[in-house]
Amino acid sequence: METKSKTERIVPFMAVHPGEILQAELLERGIRQKDFAQRIGMQPSHLSALIHGKRNISPSVAMRLEEALGISAASWLAHQHGYDVDKAAIQRRSHSQENLLERIAVLEEKVNHLMAALAGEGEVPYKPKE
């Protein structure tokens with residue numbers, strides 16, 4: 001017998017990268033990205049990549065963010081982990097939906113074939129499309 005988890009995970013529509021949270025935090029505080037990059041000892045291009053979701057927050061970056069913004073490194077790493085898990089769950093859901101759509105298409109083809117056979121005379125052997 002299959003058992004289900006007591007708390008089923010709700011898969012979000014989209015994952016929010018912690019860089020988006022960082023960008024909002026900098027905007028709210030009126031801090032320019034270039035100035036902030038210098039303040040935490042990071043190349044501006046690297047900070048930009050992080051903000052745009054092209055780089056992940058590593059433990060060392062999380063520590064620098066904590067020092068500069070007062071938001072715990074654990075919080076930044078939790079956001080990164082949550083993003084990674086959400087992204088994987090979204091990808092899994094997407095693959096499941098693709099498989100389901102393929103199975104529906106095969107069933108529709110079988111039903112259409114049966115309907116055509118019933119409407120016509122005699123039996124028509126089923127030949128799936130390739």
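Trainee: Which residues touch the most other members of the largest nonpolar core?
Mentor: Leu 22, Phe 36, Leu 65 and Leu 69, in a core of 18 residues. Keep in mind that the model is predicted.

Trainee: Which helices supply this core?
Mentor: α1 (18–29), α2 (33–39), α3 (44–51), α4 (59–69) and α5 (73–119) each give at least two residues. The largest share, five residues, comes from α4.

Trainee: What is Phe 36 in contact with, leaving aside its neighbours within four places in sequence?
Mentor: Leu 22, Leu 26, Ile 31, Leu 47, Leu 65, Ala 68 and Leu 69. Contact here requires heavy atoms within 4.5 Å.

Trainee: How many helices and strands does the protein chain have?
Mentor: Five helices and zero strands. Buried residues make up 23% of its 130 residues.

Trainee: Why is His 17 called buried?
Mentor: Its relative accessibility is 3%. The cut-off for buried is under 20%, so His 17 counts as buried. His 17 lies in the segment before α1.

Trainee: What does the side chain of His 17 reach?
Mentor: The backbone oxygen of Arg 55, at 3.0 Å. A polar contact needs N or O atoms within 3.5 Å. Beyond its neighbours within four places in sequence, the contacts of His 17 include Leu 50, Gly 53, Gln 80 and Tyr 83.

Trainee: Which residues of α3 are buried?
Mentor: Leu 47, Ala 49, Leu 50 and Ile 51. Their cover includes α1, α2 and α4. Gly 53 follows α3, with a positive phi near 75°.

Trainee: Why is Lys 34 called exposed?
Mentor: Its relative accessible area is 56%. Exposed means over 50%, so the label holds for Lys 34. Lys 34 lies in helix α2.

Trainee: And why is Val 111 called partly exposed?
Mentor: Val 111 has 46% relative accessibility. Val 111 is in helix α5.

Trainee: Which residues form a nonpolar patch with Val 111 on the surface?
Mentor: Met 115 and Leu 118. Together the three have about 340 Å² of accessible area.

Trainee: What makes Glu 25 and Arg 29 a salt bridge?
Mentor: Their closest N and O atoms are 2.7 Å apart. The limit is 4 Å, so the pair qualifies.

Trainee: Why are Glu 25 and Arg 29 separated by about one helical turn?
Mentor: Because they are four residues apart in helix α1. An α-helix has 3.6 residues a turn, so residues three or four places apart point the same way.

Trainee: How exposed are Glu 25 and Arg 29?
Mentor: Glu 25 is partly exposed, at 22%. Arg 29 is partly exposed too, at 38%.

Trainee: How do you know that Asp 35 and Arg 32 meet in a salt bridge?
Mentor: The N to O distance is 3.8 Å. The cut-off is within 4 Å, so this pair counts. The count comes to two salt bridges.

Conventions. Residues are numbered from 1 along each chain as its sequence is written. This is a predicted model: local features need pLDDT of at least 70, side-chain atom pairs count only at pLDDT 80 or more; totals for chains, interfaces and linings use all residues. Side-chain values use heavy atoms; hydrogens and water are left out. Buried means under 20% relative accessible area, exposed over 50%, partly exposed in between (1.4 Å probe, protein chains only). A nonpolar core is a set of buried Ala, Val, Leu, Ile, Met, Phe, Trp, Tyr and Cys residues joined through side-chain atoms within 4.5 Å. A polar contact is a pair of N or O atoms within 3.5 Å; within protein, one must be able to donate a hydrogen and the other to accept it, and residues adjacent in sequence count only if both atoms are side-chain atoms. Patches are made of residues with over 30% relative accessible area and no salt bridge: like charges are joined within 9 Å, nonpolar side chains (Val, Leu, Ile, Met, Phe, Trp, Tyr) within 5 Å. Accessible areas come from the Shrake-Rupley method with a 1.4 Å probe; for residues, only the protein chains shown count as cover. A salt bridge is a side-chain nitrogen of Lys or Arg within 4 Å of a carboxyl oxygen of Asp or Glu.
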